[in-house]
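Subject: Structure handover

Dear colleague,

Here is the structure I said I would pass on. My notes on it follow below.

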Amino acid sequence: MAKLRTTRNDLGDNAKKISTEVLNATLADIMDLNNAVHMAHWTVKGPSFNSLHLLFESFYNQLATQLDDVAERCVQLGGKPNGTTQLVGEKTRLAPYPADITLGLDHVAALTDRYAALAKSVREGIDATDEAGDADTADLLTGISRSLDKALWMLESHLEK
Ligand SMILES: [Fe+2]
């Protein structure tokens, strides 16, 4: 873990250390998922093309806002975001997105797995940052968690009867 920049933010050193680690791990995952959702938006085929194409667009727009908030919170606490393509590839905790799927429900299933994995790690991040005393990062992650759960529900509904 790189040394944190000194800032006038009065949060304790331990809270800053925990939060920047959690935020950076979350950033890599969100940027990876953002690419996966774009891939799904671009390559989806089949009878549900239009609705899925538009749904995926709404998802990556949400993720774009979230990854910016996460990276900027990391910088505010003295950290440096792991935002390059190379670092994202190295740090992401999500399974590699299959590049060869096209069928709508195959994309939905692949995204469902990755949204569920990210929702789980963000929930763990809420607890870790809350316990470290950083209510603001916990709050930021709570909002993201709620949005991920909603996206997960929308995806999963396609797979249920
Ligand atoms: Fe587009």
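Which residues does UniProt list for "domain: Ferritin/DPS"? The unreviewed UniProt entry gives residues 22-161; UniProt positions are in the numbering used here, feature names are shortened, and annotations may be inferred rather than shown by experiment. That span is 77% helix and 0% strand, and its end C-alpha atoms lie 36 Å apart. Helices (H or I, at least four residues) and strands (E, at least two) are DSSP runs, numbered from the N terminus.

The model is predicted: local features need pLDDT of at least 70, side-chain atom pairs count only at pLDDT 80 or more, and totals for chains, interfaces and linings use all residues. Residues are numbered from 1 along each chain as its sequence is written, and side-chain values use heavy atoms, with hydrogens and water left out.

Helix packing

Axes are lines fitted to C-alpha atoms, for helices over the stretch in contact, and angles run from 0 to 180 degrees between N-to-C directions. Angles under 35 degrees count as roughly parallel, over 145 as roughly antiparallel, 65 to 115 as roughly perpendicular, and the rest as oblique. A crossing is left-handed if the near helix is turned anticlockwise from the far one by less than a right angle, and right-handed if clockwise.

- Helix α4 (residues 104-131) packs against helix α5 (residues 135-157) at about 160 degrees, with the axes 9 Å apart. α4 is therefore roughly antiparallel to α5, and α4 passes α5 in a left-handed crossing. The contact of α4 with α5 has 14 nonpolar, six polar and four charged residues. Here Ala, Val, Leu, Ile, Met, Phe, Trp, Tyr, Cys and Pro count as nonpolar, Asp, Glu, Lys and Arg as charged, and the others, Gly among them, as polar.
- For α2 and α5, the axes come within 11 Å and cross at roughly 165 degrees, which means that α2 is roughly antiparallel to α5. The crossing of α2 past α5 is left-handed.
- Helix α1 (residues 13-43) and α4 have axes that come within 10 Å and cross at roughly 165 degrees. α1 and α4 are therefore roughly antiparallel to each other, and α1 passes α4 in a left-handed crossing.

Aromatic pair

A pair of aromatic rings is described by the distance of the centres and the angle of the planes. Rings of Phe, Tyr and Trp (its six-membered ring) pair if their centres lie within 6.5 Å; planes under 30 degrees apart count as stacked, over 60 as edge-to-face and the rest as tilted. The count comes to one aromatic pair. F59 and Y115 form a tilted pair, 5.4 Å centre to centre with 55 degrees between the planes. The pair links distant parts of the chain, with F59 in helix α2 (residues 49-76) and Y115 in helix α4, 56 residues apart. Both F59 and Y115 are buried (under 20% relative accessible area; exposed is over 50%, partly exposed in between; 1.4 Å probe, protein chains only).

Single residues

G125 lies in helix α4 and counts as buried at 5% relative accessibility. G125 and S145 are 20 residues apart in sequence and 9.7 Å apart in space, C-alpha to C-alpha.

T137, in helix α5, is buried with a relative accessible area of 0%.

D100 sits in the loop between α3 (85-91) and α4 and is exposed, with a relative accessible area of 68%. From D100 to T43 is 57 residues in sequence and 8.9 Å in space, C-alpha to C-alpha.

Regards
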